[in-house]
Structure formats: structure tokens, C-alpha cells
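I opened the notebook for a friendly look around this one. Here is what I looked up, entry by entry.

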Amino acid sequence: MGSTGTVLRELRGAQKSAKGVSLYSRYVNRPAGRVLAAGAYRAGLTPNQVTLISALFTYAALAAVALVEPSWTLALLVYAALAIGFAFDSADGQLARLTGRGGPDGEWLDHVVDCGKLVLVHTAVLISFYRFGELPSDAWLLLPLGFQLAAVVTFCAGLLREKLGKAAVAGAPAASPVSRVRAVALLPADYGVFCLVFLLLGAPGAFRAGYAVLAVVHTLFLAAFLTKWFRELRALRPG
């Protein structure tokens, strides 16, 4: 087993393409995940164990959102746990590529954890609104449900686009260069950027406003993604 520095160098060479990745994931989450992956490698953990650690941090944070009255202390703890969980979510794939121990079971587990996260994060906000929110109107309870719909459809449609297009991608020309403009434009849709809104939990009105803005932005991104993916898949029709 090499030194941590050697492992980090090997991990840097085992990164996914930066194409279609926001600046946050590229310059914050992936490097953080690389450090965690190196630590996991030194500790002898498997990629699936790292995935479960990610789930532990993330789901514990979401349980706290649902069960604990909002405060600035809760805001900091929730954001820290979500950010760490997201970094471990990057670390499991990096560790799998480094060790060659990835497989369908690991990919399945990672997607199950991610899907649960997308459902639970908005469910937790809905419960918090109901229990602690002192909402101006009960209509606010519909917001997390709409946000949840947009998040889950985006996640599932993106997975289907990737799976259905794999055969064509395998024989396609080399990918176009990574676009910095696109990486900036994707920032509002990045889960890591979304997690920042939980830093506002100590100010319920500000949290509601920030969450509502993100819900609108993610809905607009969903419409754009669905249009783009449908056109790409239609172009793959034979003949």
C-alpha cells in the first residue's frame, strides 16, 4: 500500500471527465472526495462501505432537518453533514476506479442511495415546514412536493439518457472540450450548491425564500434537460 501522496496522485489520474460537471463538483467536491478516497484506501475500506458512510452522513442530516427545531447551530451541522456526505459520494467512485473493485452492485447501491437522498431531502423540508415553519400559507407545503418531483424526474431521466445512449457514445467521435461557461451555468443545478441553502435554517423566512428560488431554478433546468435529452435520443434512431 503506497503513501497517501502516492495514492492521491493515482486518484488524480482516475477521475471522470469534467464534461457536463459544474465548477463546484469539479473544484470542490471531487478534490474533497479524492482526499476521502485516499483515506478510505489507506483504511482498507471498500467502495460500497464508502457509499454507506455517505448515506450515514446524509440521512442523519436529513433526519435532523425533519425532527429538530431550526436554529443556526442546526444549520451549520446539517450543512456540514450534507457536504461531507456528498464528498463521500464522490469518493466511492474514485476508490472503485483506483482499486478496480467497482461493479454493478456498487453502481446499483450508489444510485439507490442517491435516489433515497433526493426523495428524503424534500420530505424532510416538508416535515420541517409543517412542524416548525409558521408558514404564511398552507400552500407552502406544496413547494417541497413540487421540488421533489423536479429532482426525481431529473435524476431518473438523466440515468435513462445515459443508459440508452451508451451504445452510441461508445462509437462516437472524441468528446468536445470541457466548457467553462457550461460549468458555471450548471452551478445552480449542482447538489452541492443546493446544500448551501441549509445554512439559512436559522432564519426560516430566508430559508423558505432561498428554497423557493432553487425550486424554480431546478424546474427550469428540468425543462431544459428534458428537451435536450429527448432531442439527443431521437437523433439516435436507426435510419
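Is L36 buried, partly exposed or exposed? I was working with a predicted model, and there L36 comes out as partly exposed, because its relative accessible area is 25%, while buried would need a value under 20%.

Next I looked up where L36 sits and what is around it. Its place is in helix α2, residues 23–43. Leaving out residues up to four places away in sequence, I found L36 touching I84, A87, F88 and A91.

Then I turned to the aromatic rings and found 13 aromatic pairs in the structure. I picked F129 and Y211, whose ring centres are 6.0 Å apart with planes at 80°, so I noted the pair as edge-to-face. This pair links distant parts of the chain, with F129 in helix α5 (residues 104–132) and Y211 in helix α9 (residues 204–234), 82 residues apart. Both F129 and Y211 are buried.

My next pair was Y191 and F194, with centres 6.1 Å apart and planes at 40°, so this one is tilted. Y191 and F194 are 3 residues apart in helix α8 (residues 191–195), which means about one helical turn separates them. Both Y191 and F194 are buried.

I was pleased to see these four again in one aromatic cluster, whose members include F129, Y211, Y191 and F194.

Last, I looked for charges over rings. The charged end of K117 sits over the ring of Y191, 4.2 Å from its centre. R208 lies over the face of W140, 5.6 Å from the ring centre.

Terms used. Residues numbered from 1 in each chain as written. Predicted model: local features only at pLDDT ≥ 70, side-chain atom pairs only at ≥ 80, totals over all residues. Heavy atoms only, no water. Helix = DSSP H or I, 4+ residues; strand = E, 2+ residues; numbered from the N terminus. Buried < 20%, exposed > 50% of the residue type's maximum accessible area, 1.4 Å probe, protein only. Contact = heavy atoms within 4.5 Å. Phe/Tyr/Trp six-rings, centres within 6.5 Å; stacked < 30°, edge-to-face > 60°. Lys NZ or Arg CZ within 6 Å of the ring centre and 35° of its normal.
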